[in-house]
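Here's a quick briefing to read with the model open beside you. Take the topics one by one and find each spot as you go.

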Amino acid sequence: MNSSLSSPASSSSVNVPTYDVFLSFRGEDTRKTFTGHLYAALTAAGINTFIDGNELQKGGNISAELFGAIQGSKMSIVVLSRNYGGSTWCLEELVKITNVGQIVLPIFYDVDPSDVRRQKGTFGEAFRKHEERMGSDSDKVVLWRKALEQASDLSGWNLRNTLDGYVRYDSCI
């Protein structure tokens with residue numbers, strides 16, 4: 001293998017970011033709409049962006065690759081949509097994102113930030129299901145709740161009640 005093709009993290013003791021941005025999102029909610037457009041805009045602007053459908057290697061270990069991409073990114077954009085809380089993959093990503101010490105920009109897409117923070121609405125329904133399956137005192141459920149609270153406490157964009165998710169400067173919360 002050509003050594004110039006090895007990843008920066010494996011060729012040096014210094015952790016050089018592989019990506020500028022890691023996108024965390026629930027695919028069924030926003031992959032073909034908002035997140036797809038966001039990814040296209042970021043890459044068109046020359047921003048090296050990780051999105052799971054394009055960047056994962058076939059046959060690779062998904063969780064190791066995702067967590068490596070998070071760790072190897074300068075920042076994460078978390079698109080919190082109606083079904084985000086129902087995905088254990090998304091919640092595991094969010095726990096990792098909130099624990100690596102990078103810049104995190106939340107986007108509240110068709111959800112109320114307080115519903116995310118307090119796990120009400122679709123987030124409350126999702127957590128009732130997680131607790132039924134795993135128990136309300138499950139370490140994972142506790143970590144997921146904490147990560148959602150941390151992410152929703154950050155300044156981000158509230159795209160609820162906006163025209164087709166169009167971001168206006170005054171929609172920043």
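**A loop spot to start with**

Gln119 sits in the loop between H7 and H8. Its phi is positive, about 50°, even though Gln119 is not a glycine. Keep in mind that this is a predicted model. The points below begin with phi, then move on to the sheet, a helix and some salt bridges.

**Positive phi values**

- Here's the background: most residues other than glycine have a negative phi.
- Is Gln119 buried or exposed? With a relative accessibility of 8%, Gln119 falls under the 20% cut-off, so it counts as buried.
- Asp110 also has a positive phi, near 60°, and Asp110 is a residue other than glycine.
- You'll find Asp110 in the loop between S4 and H7.
- Asp110 has a relative accessible area of 37%, so it is partly exposed.

**The sheet**

- Five strands make an open sheet, and reading across it the order is S2-S1-S3-S4-S5, with parallel pairing.
- Which strands are at the edges? They are S2 (49–50) and S5 (157–158), and each of them pairs on one side only.
- S3 and S4 run parallel and are joined by 6 bridges.
- If you want to spot a bridge, look at Ser76, whose partner in S4 is Val104.
- Helix H3 (residues 34–44) packs on this sheet and touches S1 (19–24), S2, S3 and S4. The direction of H3 makes about 175° with that of S1.

**Helix H9**

- H9 covers residues 139–152, which is 14 residues.
- Which residues of H9 are buried? They are Val141, Trp144, Ala147, Leu148, Ala151 and Ser152.
- Look down the axis of H9 and those buried residues fall within an arc of 125°, so they line one face of the helix.
- A handy rule goes with this: an α-helix has 3.6 residues a turn, so residues three or four places apart point the same way.
- What covers the buried residues of H9 includes strands S3 (73–80) and S4 (103–108), along with helices H6 (88–99), H7 (113–118) and H8 (121–134).

**Salt bridges**

- In general, side chains of opposite charge can pair when their charged atoms come close.
- How many salt bridges does the structure hold? There are 6, and three of them are described here.
- Arg26 and Glu28 meet through their side chains, with 3.2 Å from N to O. Arg26 has 19% relative accessibility, so it counts as buried, whereas Glu28, at 57%, counts as exposed.
- Asp52 and Arg31 form another salt bridge, at 3.0 Å from N to O. This pair links distant parts of the chain, 21 residues apart: Asp52 is in helix H4 (residues 52–55), while Arg31 is in the loop between H2 (27–30) and H3. Arg31 counts as partly exposed, at 32% relative accessibility.
- Glu131 pairs with Arg145 in a salt bridge whose closest N and O atoms are 2.7 Å apart. Here too distant parts of the chain are linked, with Glu131 in H8 and Arg145 in H9, 14 residues apart.
- Glu131 is partly exposed at 21% relative accessibility, and Arg145 is partly exposed with a relative accessible area of 24%.

Notes
Residues numbered from 1 in each chain as written. Predicted model: local features only at pLDDT ≥ 70, side-chain atom pairs only at ≥ 80, totals over all residues. Heavy atoms only, no water. Helix = DSSP H or I, 4+ residues; strand = E, 2+ residues; numbered from the N terminus. Expected span 1.5 Å × (residues − 1). Buried < 20%, exposed > 50% of the residue type's maximum accessible area, 1.4 Å probe, protein only. Arc of directions from axis to C-beta. Contact = heavy atoms within 4.5 Å. Pairing = 2+ DSSP bridges. Axes fitted to C-alpha atoms, helices over the stretch in contact; angles between N-to-C directions. Salt bridge = Lys/Arg side-chain N within 4 Å of Asp/Glu carboxyl O.
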